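The sequence and structure come first.

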Amino acid sequence: MTEIDNVPPSDPQLPGSERDAEHAQGHWLLARLGKKVLRPGGIELTRSLLRRAELHDSDVLELAPGMGRTATEIIAAKPRSYVGAEQNADAARLVTEIVAPAHGEVRVADAEDTGLPDASRDVVVGEAMLTMQGEKSKNAIVAEAARVLRPGGRYAIHELALTPDTLDESVKNEVQQALARSIKVNARPLTIAEWSTLLNKHGLVVDEVETAPMALLQPRRLLSDEGLFGVLRFVKNLLTQHDARRRVLTMRGVFRKYNRQMTAIAIVAHKPAAN
């Protein structure tokens, strides 16, 4: 059990706790209710991504580690070093508690400007954060990842994708707007082809692409991600927090309505050696 597992969902130290259920961003609301895995493809896709990223004995940077669930998995792989870049000071403090015993560090920094030296990392990991950015920020974050990677280094991302690649623009806009309204974040998922194009644009070569159903709030995924006791805690909080339950049901309704147009995607790309 990590330190974060001992933090109650109502703890005022949790990021976003100052906002009521109606206005809180979706991922922080779910965290307050006790949900620890906040990735579109669930913990299994995260673990598959990290295996492919080859973390052992590597210098790792995690962008926007959030509540630290993935940081726990990264530390378990025994990297040479871990640095997190987290914009939210409260989240940075929580993740520091997880990684400090392994001599990891978390700096309060934007993913677009980590402050790390050029070519100083073997692996950069980012999950469920590029989706939440507009085009300009997406490009800036990927450019930063490419800058800090050594030649041969890997960039591993786990995001939400739209499918198929030929999805009509009007449908794409409809899905994006429905997501933004329900999760209170200006979500801008890309198609599978567009995610690869974004990485290629910054000199990264895509090695592996894996997809999984976007089933974040489905019962089977909840049980897989949170375990029985985690699900019971989550359900108890939903039953006793009426405004939060209404928000979660709205999010779940959007996820179900556009289930055929959304998928979780994990990509590992590498930075080629200079010619």
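E194 is partly exposed, with 30% relative accessible area (buried means under 20%, exposed over 50%, partly exposed in between, using a 1.4 Å probe and protein chains only). The model is predicted: local features need pLDDT of at least 70 and side-chain atom pairs count only at pLDDT 80 or more, while totals for chains, interfaces and linings use all residues. Residues are numbered from 1 along each chain as its sequence is written, and side-chain values use heavy atoms, with hydrogens and water left out.

The partner of E194 is K172, with 2.9 Å between the closest N and O atoms of this salt bridge (a side-chain nitrogen of Lys or Arg within 4 Å of a carboxyl oxygen of Asp or Glu). E194 belongs to helix α7 and K172 to helix α6 (residues 169-183), so the bridge ties together parts 22 residues apart in sequence. Helices (H or I, at least four residues) and strands (E, at least two) are DSSP runs, numbered from the N terminus. K172 is buried, at 7% relative accessible area.

## Other salt bridges

By the rule above, the count comes to 20 salt bridges. One of them joins the side chains of D122 and R80 at 3.2 Å, N to O. This pair links distant parts of the chain, 42 residues apart: D122 sits in strand β4, and R80 in the loop between α3 (69-76) and β2 (81-86). D122 is buried, at 16% relative accessibility, whereas R80 is partly exposed, at 47% relative accessible area.

R246 and D243 form another salt bridge, with the closest N and O atoms 2.9 Å apart. Both residues lie in helix α9 (residues 242-257), three residues apart, which is about one turn of the helix. An α-helix has 3.6 residues a turn, so residues three or four places apart point the same way. R246 is partly exposed, with a relative accessible area of 47%, and D243 is partly exposed at 42%.

Salt bridges with shared partners also join D57, D59, R80, D122 and R150 into one network.

## The annotated domain

An unreviewed UniProt entry places the feature "domain: Methyltransferase" at residues 60-153; UniProt positions are given in the numbering used here, feature names are shortened, and annotations may be inferred rather than shown by experiment. The span is 35% helix and 28% strand, and its end C-alpha atoms lie 10 Å apart.

L61 lies in strand β1 and is buried, with a relative accessible area of 1%. Leaving aside residues up to four places away in sequence, L61 touches V83, G84, A85, T114, L116, R121, V123, V124, V125 and V148 (contact means heavy atoms within 4.5 Å). The C-alpha atoms of L61 and Y155 are separated by 9.6 Å, although the two residues are 94 apart along the chain.

Helix α5 (residues 135-148) has 14 residues and reaches 20 Å from its first C-alpha to its last, close to the 20 Å expected (1.5 Å times one less than the number of residues). Buried positions in α5 are K138, N139, I141, V142, E144, A145, A146 and V148. These buried residues pack against β1 (59-63), β4 (121-127), β5 (149-162), β6 (190-191) and α7 (192-201).

## A nonpolar surface patch

L223, L228, F229 and L232 form a nonpolar patch on the surface, with about 460 Å² of accessible area together. Patches are made of residues with over 30% relative accessible area and no salt bridge, like charges being joined within 9 Å and nonpolar side chains (Val, Leu, Ile, Met, Phe, Trp, Tyr) within 5 Å. Accessible areas come from the Shrake-Rupley method with a 1.4 Å probe; for residues, only the protein chains shown count as cover. L232 is located in helix α8 (residues 219-240).
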